[in-house]
Structure formats: structure tokens, C-alpha cells
Amino acid sequence: MEFHTPVISTETIDLLNIQEDKVYIDGTLGHGGHTLKILKKGGIVYGIDQDRKNLEIAKNRIKEAGFEDKFFPIYNNFNQLEEIVKKDIKQKIDGLIIDLGLSQNQQTGQGRGFSFNDETSLDMRLDPEKQDLSAEEIINTYNYDELYEIFSKYAQEIYSKPIIFKIIKERQKSPIKTATRLANIIRDFYKERHIRSNIDPSTKIFLSLRIVVNDEFNNLKNVLLQSLKVIRKDGIACIITFHSGEDRIVKQFVRDYSNQKIIIENKKPIKASFQEIKKNPLSRSATLRSYRIV
Ligand SMILES: C[S@@+](CC[C@H](N)C(=O)[O-])C[C@H]1O[C@@H](n2cnc3c(N)ncnc32)[C@H](O)[C@@H]1O
């Protein structure tokens with residue numbers, strides 16, 4: 001299978017300054033791309049993911065690469081970081097990676113509801129075992145005000161109002177059960193109004209649904225705060241975000257705690273190099289910020 005390509009990984013691993021037998025947490029294990037680089041440098045990794053399938057993929061990949069002795073997979077949400085460290089690690093950690101967003105198989109696969117081309121699902125839950133609320137439920141049961149709150153707050157979609165009217169009209173005909181149907185409803189609205197867009201017109205609405213379904217902003221705020229407690233003095237955290245809403249949270253956190261509890265490692269956020277973007281266009285929107293615990 002094709003594994004997810006980790007972004008800004010050279011810079012991330014350099015910043016973490018991996019040392020033999022030091023303990024690192026990869027809070028977003030995915031397919032283990034970042035984790036494997038830490039393992040190859042001799043670090044011990046606890047890899048957290050709330051997607052059981054990805055956890056399995058990473059476990060097998062790391063076993064095949066011969067590093068399973070120093071790797072500990074954990075099925076959980078990274079918003080439980082403090083609890084995980086207390087229960088499973090029992091000591092402060094030397095470094096933390098959070099690489100937000102979705103892995104390529106989650107983004108493009110059928111049956112998850114994240115892709116505009118998913119003709120079978122509008123789910124969007126990263127962990128269907130533990131999460132109740134799906135995007136399908138939001139789209140089919142939320143009233144105008146509730147949808148407006150989501151689309152305007154998290155997507156800053158200026159056409160939220162007419163798009164919601166169209167969604168409500170469509171769902172009265174029959175429930176909207178697939179990502180493709182929702183994407184087409186939004187695309188049709190743009191076409192009918194002759195509105196041009198450089199990106200797929202449904203991008204922003206899809207992002208806002210994903211953020212709400214998976215409580216992404218609260219998870220991020222929580223893990224940042226908990227990182228202050230679980231990383232040892234001089235340990236490093238590297239946080240990779242993929243859109244301005246996430247980056248704003250990290251930037252604010254870093255500003256709030258700078259020089260009291262943390263020191264910023266890279267004054268200017270790190271972006272993917274031209275060469276990396278050429279090889280992996282998905283890295284274009286990635287931003288890496290990093291801090292050291294004092
Ligand atoms: C961009 S991928 C990480 C890719 C990884 N760095 C690699 O090299 O393969 C993000 C991963 O984090 C997981 N994830 C997202 N939010 C999470 C959360 N709150 N808790 C645990 N895992 C999460 C997703 O399921 C996905 O597998």
C-alpha cells in the first residue's frame with residue numbers, strides 16, 4: 001500500500017534533536033512516517049492515533065522495518081495526553097510531535113466521508129467507535145441557525161446563508177447521505193450564481209464540518225496545554241498545522257506562554273521547501289511551529 005508522506009519531516013526531526021533511548025510521543029501517528037524517522041535515530045516512540053485502521057497500518061509498517069522493540073502504539077485521542085503519560089509512560093517525555101489533519105488514505109478513501117468523491121458516506125468521524133456525531137447527522141438534522149454557526153465560524157463561507165437554504169431544500173427531498181451529493185449541492189449553487197472559485201467550492205464547508213465533528217480546535221488547545229505538564233525541561237514540541245484556524249491557536253498559545261513556560265524554537269514558522277512542495281503538493285499548506293519547555 002502507499003503510505004502517507006510526512007510533511008516538513010527533516011526540519012521536524014532536526015528540531016526534536018533525537019537522542020538514543022529518549023522518549024518521544026507522536027500524537028498523530030498516521031502511517032508512522034515521522035515515528036520511523038525517530039526510531040531510526042534510536043529514540044523510543046509512543047504513537048497515538050484515534051483511527052484504529054491507521055494504528056494497524058503503522059504497527060505493521062514499523063514491525064516490518066524491525067523497530068517494534070522501541071515502539072508503543074496507543075489507540076486514543078491526543079487530547080488525553082496527560083492521562084496517557086501518567087498511565088502508560090510514567091515519566092516525563094523528551095519530545096512531542098503533533099501533525100494535524102488527515103492522512104492521505106483518510107482524505108481520499110471511500111467510506112469515510114472526507115473526500116468530495118466519496119459516494120458511500122458523509123461520516124467524517126475519525127473514531128466512529130467513540131464519537132456519536134457525524135457530518136451526515138449535522139447536515140440532515142441541524143436547523144438554519146446551527147448550520148450558520150458552523151459554516152460562518154469555521155469556514156468563513158460568505159455564501160453560508162443561501163447555501164444552507166439550498167441544503168435544507170435538498171434534504172427535504174431525501175436525506176443527504178454522501179459527500180458527493182453534498183459537494184454537488186454546493187458546487188451547483190456556485191454554478192447557478194456564476195461565482196468563480198480557485199478551489200473546489202465545497203472545500204470550506206467540508207473543512208468546517210470536519211472541525212466540528214472531530215472537535216479539532218478543542219483537541220488542539222487541550223494538547224498544547226497538556227504539553228506543558230508532560231514534557232521535561234528542555235524537551236521540545238513540534239506542531240504542524242494545515243490551515244489558518246489551527247495555526248492561530250498555536251500562535252496564540254505560544255504568545256501566551258512564551259518566556260514563562262516555553263521558549264520559541266523557530267521565531268518564524270517553518271513552511272515546506274519549494275522542492276518538498278514539488279514532490280508533495282499537499283505540504284504547501286503546512287506550517288511548523290516549535291517550542292522548548294523551560
Ligand atoms: C496527517 S496524519 C499524520 C501522519 C503521520 N505524521 C505520518 O507520517 O504518517 C494525522 C493523523 O492523526 C490522527 N489524528 C487526528 N486527530 C487526532 C486526535 N485528536 N487524536 C489522535 N489522533 C488524531 C489521524 O487519524 C491521522 O492518522
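## Overall shape

The radius of gyration is taken over C-alpha atoms, and the globule rule is 2.2 Å times the number of residues to the power 0.38. For 294 residues, a compact globule would come near 19 Å; the protein has 20 Å, which agrees. Its C-alpha atoms fill a box of roughly 60 × 40 × 40 Å along the principal axes.

This is a predicted model: local features need pLDDT of at least 70, side-chain atom pairs count only at pLDDT 80 or more, and totals for chains, interfaces and linings use all residues. Residues are numbered from 1 along each chain as its sequence is written.

## Fold and burial

The protein has 13 helices and eight strands (DSSP runs numbered from the N terminus: H or I of at least four residues, E of at least two). Of the 294 residues, 45% are buried (20 or more other C-beta atoms within 10 Å of the residue's own, C-beta atoms being placed from the backbone).

Contacts pair residues whose C-beta atoms, placed from the backbone, lie within 7 Å. Among contacts with a separation of 6 or more, 67% join residues 24 or more positions apart.

## Helix H11

Helix H11 covers residues 216-230.

Buried residues of H11 include Leu 220, Val 223, Leu 224 and Ser 227. The helix's buried residues pack against helices H4 (81-89), H10 (203-213) and H12 (244-257), and against strands E4 (93-99) and E5 (231-241).

Key
Buried ≥ 20, exposed ≤ 12 C-beta atoms within 10 Å, placed from the backbone. Contact = placed C-beta atoms within 7 Å. Expected span 1.5 Å × (residues − 1).
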